Amino acid sequence: MQIINWILRFLGLAFLILFQVLVLNKLNVSTYIHPYIYPMFIILLPFETPKWLLLPLAFFAGLSIDLFMVTGGMHAAACVFIAFIRPSLIKFYTPITGYENVNAPSLSELGVVWFSLFALTIIFIHHSIYFLLQVFWMNDIGYLLLKIILSTIISTLLIIIFAFLFSKRKVRK
Amino acid sequence: MRSFFLFIIRYNTVFLFLLLEFISLYFVFTYNNYHRTFFINSANGLTGNVLNTYGNFQDYFALREVNDSLLIENSRLRAQMAESNKTDTSSVYSIKDSLGIQLYSYIPAGVIGNSITEPNNFITLNKGSNHGIKQEMGVITSSGIVGRVVKVSPNYSVVMSVLHSQFRSRVAVKKNNATGRLMWEGKSPTMISIVEVSEPGQLQKGDSIITVEGSSAVRQGSFPPNIMVGILEEFGKDPGSNYYRLDVKLSTNFNALKYVYVVNEIFREERQTIENEVINADN
């Protein structure tokens with residue numbers, strides 16, 4: 001059961017990477033809007049994933065996007081950072097009832113509000129680091145902030161939509 | 001010693017975190033010197049293949065536009081043929097070379113990867129060193145300039161787009177040959193700036209901007225002369241300097257790039273050798 005779960009997770013990651021590279025990166029909506037949804041893989045990992053596993057997994061996810069996008073290690077750096085602070089964030093967002101019988105962040109079991117807040121925080125941190133690294137040579141702070149905020153909003157919305165689709169499928173089973 | 005190991009074990013995740021961040025940032029900063037990227041590159045096997053397959057699918061949806069652009073180009077070329085011109089010897093002259101020796105040849109290639117909204121954009125082409133593409137070659141399309149080849153593998157090559165913060169090239173205003181340096185500031189994929197224009201002369205909105213042959217020591221763009229760059233939109237004095245800056249609307253539509261021509265300057269090596277000899281003797 002555990003192994004099947006992990007295989008599904010990696011299939012999910014492969015799907016997210018392909019969706020990112022073949023759909024989102026081709027959209028070219030504006031220089032301000034750059035949604036990245038693959039951090040969803042890190043968001044959805046089980047709560048009790050040990051840290052020593054969490055960090056390399058995030059590194060791997062980030063690096064595979066970097067390979068496609070020719071961005072050096074920018075995504076990997078942002079991913080490793082969100083993986084590092086994820087356990088503290090989970091502790092910070094503990095619901096009043098605790099995480100009883102829930103083994104991974106999910107929309108259906110923890111509610112839309114919890115999931116959205118958690119995803120929003122992680123995506124915001126990820127995008128801030130990524131865009132900061134990306135525009136290293138630029139000192140236009142207004143442009144950078146607007147880009148981070150707009151992209152974070154779009155990415156989080158997309159992730160919530162994906163989470164809805166995913167949890168529906170699970171219920172049907 | 002024992003306590004040292006205990007310390008490492010106790011904070012193992014912090015060390016792991018720092019190690020992975022260090023590796024990532026190392027990639028980021030070596031990437032900046034784009035010549036030193038060894039394997040993080042979409043020219044490598046797997047990613048190149050995925051992009052290529054996707055490009056093959058996508059081609060079908062763009063056939064109409066591709067046909068249109070080829071028709072337009074064909075008609076333009078036909079207009080340049082000898083039969084389409086009146087034979088008036090006094091007005092016939094060769095732009096390239098008075099002896100009629102070919103200076104440039106063109107390798108057609110398909111675009112399989114392209115971005116326009118990043119601060120540093122790259123284009124992946126489906127041809128590489130097997131087809132004669134080499135580093136530093138210029139890339140153009142029927143409507144204007146595209147970029148410069150920065151990395152080549154046997155079957156793919158990666159082009160630094162004009163829409164890249166490090167792309168530089170010398171360009172000129174067509175009507176009075178006032179030259180300047182082209183650079184992209186990262187905000188709009190349709191606009192580009194030309195800086196360090198010292199003597200702009202009489203300018204008008206709508207003037208054409210074209211490429212010029214690069215000067216020897218700072219030779220950066222490998223474009224043939226007289227390739228269209230764009231149309232002048234705005235101009236003014238750069239605050240704090242004696243130079244002018246021009247805002248130019250690019251003639252190349254980077255959003256709809258499907259096929260490009262890689263420019264092969266036939267005498268490039270000979271020219272570079274002799275130029276370098278002079279520069280080295282000078283130093």
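Predicted model: local features only at pLDDT ≥ 70, side-chain atom pairs only at ≥ 80, totals over all residues.
## A buried threonine in chain B

Is T141(B) buried or exposed? T141(B) counts as buried because 22 C-beta neighbours lie inside 10 Å, and the cut-off for being buried is 20 or more. You can find T141(B) in strand β3 of chain B, which covers residues 138-141.

Which residues does T141(B) touch, once those up to four places away in sequence are left out? They are V146(B), T252(B), L257(B), V260(B) and Y261(B).

## A closed barrel in chain B

Next, trace the strands of chain B in the order β6-β7-β8-β11-β10-β9. These six strands form a closed barrel, and their pairing is antiparallel. On average, neighbouring strands of this sheet are turned by 40° against each other, with direction ignored.

For a closer look, pick strand β6 (residues 169-173) and strand β7 (residues 179-183) of chain B. They run antiparallel and are joined by four bridges. One residue to look for is S169(B), whose bridge partner in β7(B) is L182(B).

## Two helices side by side in chain A

Now turn to chain A. Two packed helices are described by the angle between their axes and the distance between the axes. Helix α4 (residues 74-92) and helix α6 (residues 112-134) of chain A have axes that come within 9 Å and cross at roughly 150°. Angles over 145 degrees count as roughly antiparallel, so α4(A) is roughly antiparallel to α6(A). The crossing of α4(A) past α6(A) is right-handed.

Which residues make this contact? From α4(A) they include F81(A), I82(A), I85(A) and R86(A), while α6(A) brings residues including F118(A), I122(A), H126(A) and Y130(A). By class, the residues of this contact are 13 nonpolar, four polar and one charged.

## Where the chains meet

Finally, look at the place where chain A and chain B touch. How many residues does each chain give to the contact? Chain B gives 28 residues and chain A gives 27 residues.

On the side of chain B that touches chain A, α2 (12-32) and α3 (45-61) of chain B each supply at least two residues. The largest share comes from α2(B), with 13 residues. Sorted by class, this side of chain B holds 14 nonpolar, 12 polar and two charged residues.

Technical notes
Residues numbered from 1 in each chain as written. Chains lettered and ligands numbered in written order. Contact = placed C-beta atoms within 7 Å. Nonpolar A, V, L, I, M, F, W, Y, C, P; charged D, E, K, R; others polar. Buried ≥ 20, exposed ≤ 12 C-beta atoms within 10 Å, placed from the backbone. Pairing = 2+ DSSP bridges. Axes fitted to C-alpha atoms, helices over the stretch in contact; angles between N-to-C directions. Parallel < 35°, antiparallel > 145°, perpendicular 65-115°, else oblique. Left-handed = near helix turned anticlockwise from the far one by under 90°.
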